[in-house]
Amino acid sequence: MGTSRDLAAVLESLRPSGSGTGLIGADPQLCARVLTVGGVAVSVTTGRGLSELLWSTAGASTRLEDLQYTLGQGPGPDVAVCCAPVLVPDLARSPADRWPALLPQVMALGIGAVFCFPLHVGAACLGTLTLQRAAPGPLADASVTDAWLVANALTAVLLEGGPQQEAFAVAAEGSDFYRAAVHQASGMVSVQAGISLAQALLRLRAHAFRHGRSAVEVAEDVVARRLHFRDDENGPDTAAGEGTEGP
């Protein structure tokens with residue numbers, strides 16, 4: 001269990017160093033220990049309606065964010081819409097129709113409880129702080145209070161701006177951000193299939209779900225031109241090693 005000194009260290013180190021490319025500087029594993037959970041993750045929403053995983057502990061938390069992103073359902077997407085916390089102390093007792101595609105896969109990861117907090121300014125949700133752990137049961141009151149302190153501090157960091165923020169807003173090819181390939185691939189699929197960016201992202205996610213892959217993995221194939229989405233009924237074409245020019 002973390003101490004007040006550990007919490008202070010996390011809060012003080014959230015701002016990124018001047019030399020880094022990430023938006024968050026603290027150690028996510030220390031944050032998870034302070035909040036008495038197995039893992040943490042922070043995702044934010046871009047102006048184009050896409051999201052970006054900024055910071056997470058390795059393993060189940062990262063995979064949970066990938067699943068929510070690919071499937072478009074879960075506590076994170078719910079919080080992004082309602083801008084209120086979604087606390088699920090026992091996933092096994094959640095109604096099967098709450099997140100029908102997500103729940104079985106999350107429980108297969110060994111996650112028993114999820115607690116998701118908004119990073120918000122008024123009614124505007126900038127992103128989410130998601131905590132998970134294997135053992136079911138509610139968060140202690142002290143951990144809920146600490147989680148809100150971390151969420152509010154993260155919101156302040158995101159609002160500060162700076163070179164890291166500008167790089168994230170562009171999300172250009174070669175960006176260090178986790179889902180830069182998804183941003184780029186959505187644009188490519190939009191051109192290939194003659195559809196909007198929102199429809200392109202949905203098509204990319206649907207393909208990932210059907211094939212049991214993450215949206216990031218499928219996007220990397222699109223960017224590398226191993227996968228091409230055309231507006232036909234047969235789905236995307238694969239072209240291993242083709243490397244054609246253009247979108």
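Me: Where is Arg-225 found?
Reply: Helices (H or I, at least four residues) and strands (E, at least two) are DSSP runs, numbered from the N terminus. By that numbering, Arg-225 is in the loop between α10 (215-223) and β6 (227-228).

Me: What is the average pLDDT of the chain?
Reply: The model is predicted: local features need pLDDT of at least 70, side-chain atom pairs count only at pLDDT 80 or more, and totals for chains, interfaces and linings use all residues. Residues are numbered from 1 along each chain as its sequence is written, and side-chain values use heavy atoms, without hydrogens and water. pLDDT is the predictor's confidence in each residue, from 0 to 100. In this chain 79% of the residues score at least 70, and the average is 82.

Me: Which element of the chain has the lowest mean pLDDT?
Reply: β3 has the highest mean, 97. Over residues 163-175 the pLDDT is below 50. The lowest mean, 48, belongs to helix α7 (residues 163-170).

Me: Is Cys-83 buried or exposed?
Reply: Cys-83 sits in the loop between α4 (75-82) and β3 (86-88). Buried means under 20% relative accessible area, exposed over 50%, partly exposed in between (1.4 Å probe, protein chains only). Cys-83 has 16% relative accessibility, so it counts as buried.

Me: What is the phi of Arg-225?
Reply: At 28% relative accessibility, Arg-225 counts as partly exposed. It is not a glycine, yet its phi is positive, at about 65°.

Me: How are α3 and α9 placed to each other?
Reply: Helix α3 (residues 60-71) and helix α9 (residues 197-210) pack at about 120°, with axes 8 Å apart. Axes are lines fitted to C-alpha atoms, for helices over the stretch in contact, and angles run from 0 to 180 degrees between N-to-C directions. Angles under 35 degrees count as roughly parallel, over 145 as roughly antiparallel, 65 to 115 as roughly perpendicular and the rest as oblique. α3 and α9 are therefore oblique.

Me: Which residues of α10 make the contact with α9?
Reply: α9 and α10 pack at an angle of about 115°, their axes 8 Å apart. That makes α9 roughly perpendicular to α10. Contact means heavy atoms within 4.5 Å. From α9 come Leu-204, His-207 and Ala-208; from α10 come Ala-215, Val-218 and Ala-219.
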